[in-house]
Amino acid sequence: MDRRDFVRLGLAAGAAAGLTTTAQGKDPDAVLDAGVRAQQALMESGKLTSKTLVQRYLARIAALDKAGPRLNAIIELNPDALNIAVDLDGERRAGKVRGPLHGIPVLLKDNIATGDRMSTSAGSLALDGVRATRDAFVAARLRAAGAVILGKTNLSEWANMRSTHSVSGWSGRGGQTRNPYALDRNTSGSSSGAGAAMAAGFATLAIGTETDGSIVSPASICGIVGIKPTVGLVSRSGIIPIAHSQDTAGPMTRTVADAALLLAAIAGADPDDAATQAGQGKPGDYAAALRTDGLQGRRLGVARNFFGNHPAVDAVITAELAVLEAQGATLVDVQLPNADKYGDTELEVLLSEFRPDLEAYLARYAAHAPIRTMADLIAFNDRHAAQELRHFGQEHLIAAQARPGLDARAYRDALANNHRYSRAEGIDRILREEKLDALVAPTGGTGWLTDYINGDHDGPGFSSPAAVAGYPHVTVPAGQVHGLPVGLSFVGGAWSEAALIAMAYAYEQASQRRRPPTFPASVNVKA
């Protein structure tokens, strides 16, 4: 579908819904691509309703996700979304506006429980049709804030913790998500559907989850903003887990401003997630952090040991370092210490926590499901191998099943090693010794060709230090290589989200590197 067809679709949907065909007098699609504040202004002025906004997004999803380029980013739509929007419009007319997200459509990754008519499946056929008994804390917070949960996004099945040979963006239930910037390229995992959906403009906002890279990598590869918060800032209760040491939910949006407003809505203490008790009083004023002078006087460490993986990506990021300096930042070349000392022990921790954490989720949110244990899941996949195991196996599930538990010495030693080298002798050390406000580096490489024969073949990225430490990480679009997006990462110490948002926003406003996708079949390397 070319741009003219896209515009015609927008005009038709707008006319059918009774929506004015302009946003600030321009292209009708600008209504959907606008951020939270612009959409709120239109609703406050009476030029837009939440119902119309939902209808317009549904039309775009029908045209681009289910037809046209067929991105396959959406695994399920909320059958109640329009009714919810109508109710929220009624509240607005009655003078009740819950906050900045009132009437704003949001997509949730399909490992976030919703106590409604949608399934929560982690992309697995084993949970296809299984409805959670209640909302995840994050989903409940969004409903309370007045957001419209539009649907669920596809993901790498079991958040990419099923196989050593996996293909990111594929799930047995949802199939393969495709990259809007080149349809034969991968979107990375595991929040693949959220990344593609935000790039293509299927909702205003999305929530992804990350254990190591699953927010920031697809965000970078899909040319959007991603925030992986400090573990404990956002509750994990009601989210199908991998490992409580590193799991977190976070915003995936087209702008830093939208990500900040979304993070403010979902952050908060939850008695069902002990990690959030450490985060009480930690959430900052993320809206106030949206300042164009957010880089003034900042001292940033350029983590040079995360360059050198891709010359063209390095060239893009090196050019962007000049933007940081022009905005008042001082750059210092550094080597993040001990970043090579927790690769194996990280996997040990994830495998050890996966089985007990998953079984606890199933018992609490899906006790009626056909599987209740990791062993049940492995057996289900074996019985349905033609559907579930046709592209890759379940080695990680089998390894997790074999782990002895959270009292095992190997697990406890691995966790201690992870925290030592990622925190005290890693990020904390370099920030202290070099008097840094944050670290910056390329988030990762570009989207690779989706390959069912060889599996994923992405290169190293900058996700692991913050992921293993449980520290915040923000990625912002920084440019493109042959039309494929790359991101610039900002990583800080625990609870430094507000400072990172200020820096990321100042960079974004100065650089304006994001470009919307055009859905080509492949990359034009001659361009």
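**View 1. Strands S7 and S8 form an antiparallel pair in a predicted model.** Strand S7 (residues 225-228) and strand S8 (residues 248-253) are joined over two bridges, where strands (E, at least two residues) and helices (H or I, at least four) are DSSP runs numbered from the N terminus, and two strands pair if DSSP finds at least two bridges between them. Within this pair, Gly226 stands opposite Met252 in S8.

**View 2. Helix H8 is mostly covered.** In H8 (residues 192-200), nine of the nine residues are buried, a term for under 20% relative accessible area, computed with a 1.4 Å probe on protein chains only. Among these buried residues are Ser192, Gly193 and Met198. Just after H8, Gly201 takes a positive phi of about 75°.

**View 3. Helices H14 and H16 cross at roughly 150°.** The axes of H14 (residues 374-383) and H16 (residues 395-402) come within 9 Å, each axis being a line fitted to C-alpha atoms over the stretch in contact, with angles that run from 0 to 180 degrees between N-to-C directions. That crossing makes H14 roughly antiparallel to H16, a label for angles over 145 degrees. Met374, Ala375, Leu377, Ile378 and Asn381 in H14 meet Leu397, Ile398, Ala400 and Gln401 in H16, contact meaning heavy atoms within 4.5 Å.

**Notes.** Residues are numbered from 1 along each chain as its sequence is written, and side-chain values use heavy atoms, leaving out hydrogens and water. Because the model is predicted, local features need pLDDT of at least 70 and side-chain atom pairs count only at pLDDT 80 or more, whereas totals for chains, interfaces and linings use all residues.

Conventions: Angles under 35 degrees count as roughly parallel, over 145 as roughly antiparallel, 65 to 115 as roughly perpendicular and the rest as oblique. Buried means under 20% relative accessible area, exposed over 50%, partly exposed in between (1.4 Å probe, protein chains only).
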